[in-house]
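Hi,

Here is the model I promised to pass on.

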Amino acid sequence: MYRVGVTVGQILVFLLFFAIWEGIVDFFHIKPVILPPPSRIAEVMWEQRALLLTNTWPTFVAISLGFIYAVVTGFVIAVGIAYSRIVRELTYPFLVTAQILPKIAFAPLFLIWFGFGLTPKIVIAALIAFFPVVINTAKGLSSVDTELLQYMDSLGASGWEKFTKISLPWAMPYFFAALKISITLAIVGAVVGEFVAAGEGLGYIINASNISLDTELMFAAIVAMSLLGIVLFLVIVAAERLFVNGVEENGGVQATM
Amino acid sequence: MVCLPKNLLTSIVATSIGLCSTSALALDKVKLRLDWVFGAEHAPIFLAVEKGFFKDEGIDVTVLPGEGSSVTAKLVGNRDADFGYATADQVLIGAARGLPIVATAVVLQQNPTAFIFKTSANIKDVKTDLYGKTLGIQLKSNTGRQWEAVKKSLKLDPTKFKEVPADGALVPLIASNRIDVGVGFYFNDALKLKASGEDVSWISFEGLGVKMYSTSVLTNEALIKENPDLVKRFNKAFLKGWSYSLEHPKEAYDAFVKANPSTDKVYAELKLPEVLKLTQSDDVKAGGLGSSTKAGWESLQDQLVGMEMMKSKVDVGTVFTNDFIK
C-alpha cells in the first residue's frame, strides 16, 4: 500500500511540474518560440512521431555502442587495477586526470580526427562513459573481504574460482552503480557527437530545429531523448535486480562519478 | 546623477564652462547583441563606439557577442537586448513565429554563402565540376538549406558527389583534404583558410541566383512604439560607423584590433574589405546604406518557404522599415 502511494506521489510531482510550466507560459503569454507549453510539445511529438522515431534509432545505436565499448574496456582495466599494485599505482593519477579533463570540449575536433557519422559519436560517448566503470569496478574488486578469500584459500580454491565465486559477485553492486552513471553519460556523449558531426539522430534534430526557430520540435526531440534515456536506465536497473541480490533493501551501492 | 552640484558656486562654474552637458546627463543605455563572436565583420561597430558616434547621439551602447542569428532574434524578441545584429532570414522567420521584431537596416546586402575550395580542386562550373567531389555541408546552418536549393535549381545529380556533415569545421576539413568543397560564408571560412596560407577560391551563391539579404539591425516593435527617437539615433550612429569605415577602412581595422588585441590580424585584414563590399547593392545606391525593398524581402521570403525554413508567409511590410535610415 505504501509503495502504491509513493508511485502515485511520484507521478503527481511530474504532473505538478508540467502544470506549473503550462500555467507560467499561459499567464505571461510567452511565445512558443521562446518556451512552448508542455501541451504543445506533446502535440508536436505526436505530429512528428515518424521523424522522431527514425532519428531515435541512430542515437540509440551510438549510445549503445559507446556504452558497450566503455563497459568492456573499463572492466578489463578495472581488473588490472584491482589485481596489480603496479598497474594501480602507475595508472591511477592518469585515469583521474583523464576523467577530469572536459572531453566534450574536444567534440568539434573529433569530426576531423574520426570522420563523419557514427564513429565520432561512439568515441565521445565511450570516452565520457568509461571512467565511472573503471573506478567503481576497481573499488568493488579491491574491497573484497580478505577473510573470505583466506577461507577460500584454505579450501584449496584456485585464483579463477576466487575471482568468479567471491570477488566478482562482491563487486557487482559497485559495477551496476557505475553502469547507471555510465549510461547517462553515454547519452550526453552521443548527443554532443550529434551536435557536431551528424546528419541524423535526435541530437541533430535538436540542433537543426534551431535555424528554423522551431522550438517546439527542439523540445519534442529533447523529450524523445529523455524517454530513450529513461528506458535505457530502466534496462540497467532491471539487469541489476537480476544479477545482484538484496539490491531492493539497501538501494544499491553509492557510486563514484 | 553625475552632475549633482556640491554647492552653488561649483554648479555655476560647471554650467558656465559646459562641463555638464545635457547629453552626458541623459545617455540612453542600450544593449546591442551581435550575431556571433567578435570578428572583423563587426569592425565598423567597434569604430562607431571608439569614435563616439553613439555618444554623439546620446547613447551608451554595450556591444555583446552572439550565439548565432537565431538566438539574437529571440533575445531581441523578448527584449533581453534592445538592438540586435542578425541575418535577415532569422528576423523574417522570427517575425513569422510571432516574435515582435523589425529590421531597421539591412547592412550586408549580399548573400555571403559560397562554395569554398582549394584552388587546386579546379572548380570552374559548379554544374559539372562538383561531380566526384566530397562536399562538406553545414546542416545546422541556413547555408545547408541554401545548398539544397542550389542543388535543386541547378538540377545536380546527388549520386555523383558525396555530402558529409561539416558544421563549424570547414576550415580544418578543407585544409586536411577530408573534404574538397565546403559550403559556408566566404568571408569567414575561405578567408580563414587564406590567412593560414592556403591557395583558396570560392564561387558565390549570390552569383548562382540565391540573392538574400544578410546581416541586419533589428529591434523590438515595442521599442519603436515607446521611443522611435532612440531607434533613429541608434541607427544613425550605427550606419555612420559603416559609412565612415567604407571611406576609412584602415581606421575600422585599427579600432577592431584595439578592442580585440588577440585577434588573428592577417585574417582580420583580409576579411574587413570583403565584408565592406557586401554593404553595396542597387537598393543601397537608390535608398542609401542599410535600405531595403519590399521586393527584396519578398524574394527572401519565397526562398525561405522553398527551403522549408518558413511554414507560412507573413506581410513583409511589417518586418522591415526604412523609416530610421534617413
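First, some housekeeping. This is a predicted model, where local features need pLDDT of at least 70, side-chain atom pairs count only at pLDDT 80 or more, and totals for chains, interfaces and linings use all residues. Residues are numbered from 1 along each chain as its sequence is written, while chains are lettered from A and ligands numbered from 1 in the order in which they are written.

Chain A

The secondary structure here is eleven helices and zero strands (helices are DSSP runs of H or I, at least four residues, and strands are E runs of at least two, numbered from the N terminus). Along the sequence, that reads α-α-α-α-α-α-α-α-α-α-α.

Of the 257 residues in chain A, 37% are buried (20 or more other C-beta atoms within 10 Å of the residue's own, with C-beta atoms placed from the backbone). If you take contacts in chain A between residues at least 6 apart in sequence, 78% of them join residues at least 24 apart. Contact here means that the C-beta atoms of two residues, placed from the backbone, lie within 7 Å.

Where A meets B

Here 18 residues of chain A are in contact with 22 residues of chain B. On the chain A side, the elements giving two or more residues are helix H5 (107-114), helix H8 (159-197) and helix H9 (202-208). By class, that side has 13 nonpolar, four polar and one charged residues (nonpolar is Ala, Val, Leu, Ile, Met, Phe, Trp, Tyr, Cys and Pro; charged is Asp, Glu, Lys and Arg; the others, Gly among them, are polar).

Chain B

Chain B divides into domain 1 (19-110 + 212-318) and domain 2 (113-208), with 27 Å between their centres over C-alpha atoms. Their contact takes 14 residues from domain 1 of chain B and eleven from domain 2 of chain B. On the domain 1 side, helix H14 (265-277) and helix H16 (294-306) of chain B each supply at least two residues, and the largest share, six residues, comes from H14(B). That side of domain 1 of chain B has six nonpolar, three polar and five charged residues.

Cheers

Notes. Buried ≥ 20, exposed ≤ 12 C-beta atoms within 10 Å, placed from the backbone. Domains from an automatic or database assignment.
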